[in-house]
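Take a look at the model below.

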Amino acid sequence: MSYLSISHITKQFGDTVVVDDFNLDIEKGEFVSFLGPSGCGKTTTLRMVAGFEIPTSGKILLDGADITNKAPNQRNVGMIFQSYALFPNMTVAQNIGFGLSVRKESKELIAQRVDEMISLINLEKHAHKYPYQLSGGQQQRVSLARALAIHPQVLLLDEPLSALDAKIRISLRAEIRAIQRKLGITAIFVTHDQEEALSISDRIVVMNSGLMEQVGTPFEIYNFPTTVFSANFVGTLNNASAEVVNPAKSLIAINGVQFESAVDLKGRKKGDKVRVAIRPERLSFASEQKKANVVDAVIENITFLGSVVRIQIKIGDTKFNMDTFNNPFLELPKIGSKEQVTCSREAVLVLDE
Amino acid sequence: MTNLPVPATVMVKRPATKNRLGSFLIFLVVSLYFLVPLAATFYWSLRGEKDVLGFEAYRKLFADTNFLPAFSESILNAVATIVLSLIIVVPTAYWVTLRLPKLRPIVEFITLLPFVIPAIVLVFGIIRLYSRPPLLLTATYDSSRFLLICVYVALSFPYMFRAVDNGLRAIDVRTLTEAAQSLGASWPTILFKVIFPNLRVALLSGALLTFAIVIGELTIALYMAQHTLGPYMANLTRSKVYEPSAMAIVAFAITWAAMGIIDFVGRGASRRAQMADTD
Ligand SMILES: Nc1ncnc2c1ncn2[C@@H]1O[C@H](COP(=O)(O)OP(=O)(O)OP(=O)(O)O)[C@@H](O)[C@H]1O
Ligand SMILES: [Mg+2]
């Protein structure tokens, strides 16, 4: 029995199905991200766990108890909002103590817990400030402390970093993750930023228009996407339509150029149309003699992206991006020249449409 | 003198102007426009005694046995109106913002009705409706007074709703409510600990606008035979020369004191915050 179990949750607003048969079991202490484009139902799913929306059908169990229809203030769930949602009329300390004073805890206990939380987020100097006197990053840390002060069973974070600038976003996400690990708290983190999801999560749920596309560790999601959508949404990707040439040998052809894949194609017939995806960093110049997947390519363009150099190539009639790490000794080919490029069999992903 | 100056600009921030001289001129002209009549009234009010400038008119005004009862009755009416109006408007505006945003245009329209219906029409409609059973409220002075307060509550809606609505828009009501809920707060706790404190300035300005209307209201009070300040002033204007001016100055001073309170409360919040900043 998992700690938080979301089973067959569906949510409709009027006639529109916003979340469709969502199923997820989360272990205690796990950090799970919901990743997907705007409007795919991430927030709605999170709000059902928080109790702000009631599912049209399905069940939510938290530590064995059915909380599907419980009021939000009866659940022991911490919520972090994109807009921080600190109470403007209260100081940092009062904000953090709010949940405990609502629970009628003693003054001493509240003061002690508030101190504990304030040192957890390193804002000792700001305890008596009002929210408008803090930066966005500080405000979000206060909101984290406020949510954690009540010892919630689950911590829910709805795009908590979206309103912050890039530097703070990266440092604060590391801080959130460190605090979550330290306290061993179960967390669900909503984001539309794939890098954020990859860097912070134990597991990622990729969502698309109300449906779960794929669930897996960041490693699995990035390296073994199972659908076109999750392959495209996470990382950059070359993708092309192709035709099965030899199912037994896992051979496919992209516009007549043959590639060998590691994916088992026995279920398909010769001539079947499939979608093939290859990550840019999996392509490289064929330096030594490799057996599989060495193809001719024309160099079309070269772009510096800092640590990575992106080379646009054309294989047959199909354009591909090829990424290689930048270094001062890198020898780059001339634009227009012909080179041999290669990729491993594992790099050639065959996806469901 | 039924229209006291209304502190409608209290919540409005003045935008930065490039042309300082231009804005100064405008300020000057507008100031003169307001100050000259005020100064003239004040001067007139000081001439209660022949050939001497002094406060004779004020003395007479406060010595008039009808003045203080009328004044205190109006103040009590105003306070009752404010309390009732707050009880009706705040939860309504809160709920509309939180749960029924689609109803907002309708509620806005309803609160604006007192602007559209002339007071005279309103008062005759009310007298007709409430002067026979089962809704007989015009029979005694006190029941009429109750009815009058109810009418004032309706008159206060445009100001009160707008003020509260502005206040609610300035804070993210929905998210704050949800944050409080997820921390375990119940509805009363949310209203009294989170919503009301953040609406303080808005509630106060709504209350003071209401106060200003009720204190000087003439038409309805007159037709409902109430001995409030409005009818008293009207009567005074007819029979006296200097006292009405003194009365106007007194009313004006009260309004300014009220605006001072808004300002003080508003600034109190930021001063407290500054103190927190320095320690
Ligand atoms: N209360 C509501 N009534 C009607 N439709 C709603 C309501 N709340 C959300 N929706 C719809 O449900 C869909 C999913 O919304 P949701 O907020 O869950 O998306 P999201 O994945 O969080 O997107 P974003 O990244 O933009 O926050 C959207 O199309 C939205 O318009
Ligand atoms: Mg969202």
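Two residues are in contact when heavy atoms lie within 4.5 Å. By that rule, 26 residues of chain B touch 26 residues of chain A. Keep in mind that this is a predicted model.

Start with chain A. The chain has 353 residues, and 52% of them are buried. Its secondary structure amounts to eight helices and 20 strands. The C-alpha trace spans about 75 × 50 × 35 Å along its principal axes.

Chain A carries 39 positive and 39 negative charges.

Turn to the interface. The size of an interface is often given as the accessible area lost when the parts come together. Here chain B and chain A bury about 2100 Å² between them. Of this area, 60% is on carbon and sulfur atoms. Which residues of chain B lose the most area to chain A? They are Glu178(B), Ser182(B) and Leu183(B), which together give 29% of what that side buries.

Side chains of opposite charge can pair when their charged atoms come close. The rule finds one salt bridge across the interface of chain B and chain A. Glu178(B) pairs with Arg47(A), with the closest N and O atoms 2.7 Å apart. Arg47(A) also forms a salt bridge with Glu53(A), at 3.3 Å between the closest N and O atoms. Both Glu53(A) and Arg47(A) are buried. A network of salt bridges links Arg47(A), Glu53(A), Arg174(B) and Glu178(B).

Where does Arg47(A) sit? It is one of the buried residues of α1(A). This helix covers residues 42–50 of chain A, and eight of its nine residues are buried, so the helix is largely enclosed by the rest of the structure. Among the buried ones are Lys42(A), Leu46(A), Met48(A) and Val49(A). Gly51(A) follows the helix, and its phi is positive, near 100°.

Glu243(A) is partly exposed because its relative accessible area is 34%. Lys273(A) reaches 64%, so it counts as exposed.

In the other, Glu300(A) bonds with Lys319(A), the closest N and O atoms being 3.8 Å apart. Glu300(A) lies in strand β16 and Lys319(A) in strand β18, so the pair ties together parts 19 residues apart in sequence. Glu300(A) is partly exposed, with a relative accessible area of 33%. Lys319(A) is exposed at 60%.

End in chain B. Leu222(B) is found in helix α10, residues 219–223. Leu222(B) has a relative accessible area of 43%, so it is partly exposed. Ala234(B) is twelve residues away from Leu222(B) in sequence, and their C-alpha atoms are 9.4 Å apart.

Notes
Residues are numbered from 1 along each chain as its sequence is written. Chains are lettered from A and ligands numbered from 1 in the order in which they are written. This is a predicted model: local features need pLDDT of at least 70, side-chain atom pairs count only at pLDDT 80 or more; totals for chains, interfaces and linings use all residues. Side-chain values use heavy atoms; hydrogens and water are left out. Helices (H or I, at least four residues) and strands (E, at least two) are DSSP runs, numbered from the N terminus. Buried means under 20% relative accessible area, exposed over 50%, partly exposed in between (1.4 Å probe, protein chains only). Lys and Arg count as positive and Asp and Glu as negative; His and the chain ends are not counted. The place of a charge is taken as NZ of Lys, CZ of Arg, CG of Asp or CD of Glu. Buried area is the accessible area (1.4 Å probe) that two parts lose on being put together, summed over both. A salt bridge is a side-chain nitrogen of Lys or Arg within 4 Å of a carboxyl oxygen of Asp or Glu.
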